[in-house]
Amino acid sequence: LNERMYGELTGLSKAMVKQRHGDEQFKAWRRGYAVRPPQCSSFSPIYPGNDQRYRKYLKDLRFSVSESLIRSIEQKEISIHRKLPKSESLKDCMDRTIPYFTETIMPES
């Protein structure tokens with residue numbers, strides 16, 4: 001289980017986000033339930049799909065045709081990639097983690 005994916009805001013301080021995007025937008029991202037921050041690029045170092053741990057161990061996510069096509073062209077060989085979030089709202093994060101918690105973690109405790 002990972003925390004929420006903040007997309008392009010990952011690694012930025014609150015002050016930096018306010019400076020770049022304004023106080024109103026900052027509050028919408030911080031306090032909004034279904035408001036997603038800007039997505040990161042598939043080729044960004046913060047994108048989870050670029051982390052070997054996700055590519056190796058994730059088996060329960062659907063495949064991404066567009067991501068697989070882009071990566072296959074880049075690597076000049078066929079490469080299958082899963083659909084990982086490029087940003088998440090609090091709602092997205094809860095939709096992803098609560099079922100896992102209730103179905104997998106709770107029964108074992």
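This report looks at the salt bridges in a predicted model.

Side chains of opposite charge can pair when their charged atoms come close. In this model, the count comes to 7 salt bridges.

| Salt bridge | N to O distance |
|---|---|
| Arg36 and Asp92 | 2.5 Å |
| Asp51 and Arg53 | 2.5 Å |
| Glu67 and Arg71 | 3.0 Å |

Start with Arg36 and Asp92, which form a salt bridge. Arg36 sits in the loop between helix H2 (23-31) and helix H3 (52-57), while Asp92 belongs to helix H5 (residues 90-108), so this pair ties together parts that are 56 residues apart in sequence. How exposed is Arg36? Arg36 is partly exposed, with a relative accessible area of 49%. Asp92 has a relative accessible area of 19%. Buried means under 20%, so Asp92 counts as buried.

Next come Asp51 and Arg53, whose side chains meet in a salt bridge. Arg53 is exposed, and its relative accessible area is 57%.

Now turn to Glu67 and Arg71. Both lie in helix H4 (residues 65-75). They are 4 residues apart, so about one helical turn separates them. Are these residues buried or exposed? Glu67 is buried, with a relative accessible area of 4%. Arg71 is buried too, at 5% relative accessibility.

This pair also has a further partner. Lys86 is linked with Glu67 and Arg71 in a network of salt bridges.

Definitions and conventions:
Residues numbered from 1 in each chain as written. Predicted model: local features only at pLDDT ≥ 70, side-chain atom pairs only at ≥ 80, totals over all residues. Heavy atoms only, no water. Salt bridge = Lys/Arg side-chain N within 4 Å of Asp/Glu carboxyl O. Helix = DSSP H or I, 4+ residues; strand = E, 2+ residues; numbered from the N terminus. Buried < 20%, exposed > 50% of the residue type's maximum accessible area, 1.4 Å probe, protein only.
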